[in-house]
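Here's a walk through a two-part assembly, taken one stop at a time. Keep the viewer open and follow along.

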Amino acid sequence: MIVRQLVALLGKDLRLEWRRRARLLVVFVFGAMTLLLFSFALPETEMLVRASGGLLVLALLLSSTLGLAESFRVEHEDRALEGLFLLPVEPVAVYYSKAVANTLFLLALGPVLAPAALILYSVQVESGAIADFALIWTLAAAGLAAPGTLYSGMTSRMRGQDVLLPLLLFPLVGPLLLASVKSLNLVILGDPMDQLGSWRNLLIAFDVIYWSIGGVLYPFVCEEGT
Amino acid sequence: MKPLTWQHGLGILGFGLLVTGSVMGLTMAPPERHMGDVSRIAYIHVPTAWSMLLASTFAFGWALTSLWTGKERYDDLLAGSLEATVILAVLMLPSGMIWAKPTWGVWWDWDVRLTSSLVGLLLFAGILALRAFVDEPKRRATWTAVATIVAYVDIPLIYFGVRWWRSIHQVQSSPETVSGGMILPWRINAFAVLFITLWFIAMRSRIEAGRRQLEQAGEPERIAEAVA
């Protein structure tokens, strides 16, 4: 039952994203612009190459807040979320459909931001490392989406949402950012000490914990009216 | 004059022990072999860090209880524990920096445990900010509890950080790794800061309960004003 609801809701969320694709374009341009701005702070090409993994993750994080903030805001137009709960749809299905849609949204930033970073920062990545890069990006996107969706559900109708969402989310995803930055740098710069596995495991642990917690806690959040 | 409550007793006992432990740590305990007298700041820094971890654990416990039972009393205790966590983190970080300058040569290092502690402080300060933005008491209680549970998952990373990442930070001391003369003032101050923390949480939750009652008492008047 919940799986059927989840699939239907995910279809609805993805259709919504597609119909507002001009917004997607804005987020892509915003992400690319942050990569350009970072290069002003690190003028040496050598420094840019060494920091490229971190800069990519920061571009993903900053872009994510734009997408996450919108994901629940749109549901309040015409009280759509209330209507969903009256159908009745399980709150867990609403949470996971939003979290999966947000993950896919952040995943889509990868093919835009990664080539932009390769060109702007003169980074050379071996073709064999692309699979590792894709895996780390997926884990980072999923890790940002899980708590981000939960917090977005709480703050979407609050005054000061634009301030509160990053204030709550940025410190929370600290361990995820650290592991993503280390992992991407190992993928880009090489991994002679074979450290990638442990950082990847940390990312997986973070994802498992927050995807589980999000599903358990969201019903409490929506009970009080999101 | 109002009679002293058990909460005030905790506070008096805590401050008394803190003076005793600190005087012992400054005058009677031997200096550390490598760091000398500088290490005496540990008698404040380490108990503050322990109590911060405990206060955040209390907050987690109250958050679970508040969410489970829906009783307002647990939200009051949660608010007190969150504030205690933030205050202890604000005290812990500068005391660590004062210790770091002469021993590491820098005020700050991007060591994982230092970074995690700062992240933890920002995390719990963010929850207090969230709380300040929500006016409706029931919603405020639920969202504070949810945000606290989500944030608490970060705490093990702070505590075990030094073991997982092996960095510049000293490995945690234990009674077996320090001189016998250091253990007593350390233990006294650990209980001192703990009692002060418990006193603070108890008093702060009382204030929170009073504020909530005031909000609820003011509600009919506000509704009457809105209707008029």
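What follows goes from confidence to the chain contact, and then to some helices.

This is a predicted model, in which local features need pLDDT of at least 70, side-chain atom pairs count only at pLDDT 80 or more, and totals for chains, interfaces and linings use all residues. Residues are numbered from 1 along each chain as its sequence is written, while chains are lettered from A and ligands numbered from 1 in the order in which they are written.

The predictor gives the complex an ipTM of 0.90 and a pTM of 0.88. Within chain B, helix α2 (residues 42-69) has the highest confidence at 94, and helix α6 (residues 155-165) the lowest, at a mean of 57. Where pLDDT is low, the predicted coordinates should not be read in detail. Helices here are DSSP runs of H or I, at least four residues, numbered from the N terminus.

Now to where the chains touch. Two residues are in contact if their C-beta atoms, placed from the backbone, lie within 7 Å; the contact takes 21 residues from chain B and 20 from chain A. On the chain B side, α4 (112-133) and α5 (137-152) each supply at least two residues, and α5(B) gives the largest share, nine residues. By class, that side has 16 nonpolar, two polar and three charged residues (Ala, Val, Leu, Ile, Met, Phe, Trp, Tyr, Cys and Pro count as nonpolar, Asp, Glu, Lys and Arg as charged, and the others, Gly among them, as polar).

Over in chain A, look at helix α3 (residues 45-73). Its axis lies 9 Å from that of helix α6 (residues 130-155) of chain A, at an angle of about 35°. (Axes are lines fitted to C-alpha atoms, for helices over the stretch in contact, and angles run from 0 to 180 degrees between N-to-C directions.) Residues of α3(A) including Leu60(A), Ser64(A) and Phe72(A) meet residues of α6(A) including Leu144(A) and Gly148(A). That contact divides into eight nonpolar, six polar and no charged residues.

The axes of α3(A) and helix α7 (residues 161-172) of chain A come within 10 Å and cross at roughly 120°. Thr65(A), Leu68(A) and Ala69(A) of α3(A) make this contact with Gln161(A), Asp162(A), Leu165(A) and Pro166(A) of α7(A).

Back in chain B, α3(B) is followed by Gly105(B), whose phi is positive, near 90°.

Technical notes: pLDDT = per-residue confidence, 0-100.
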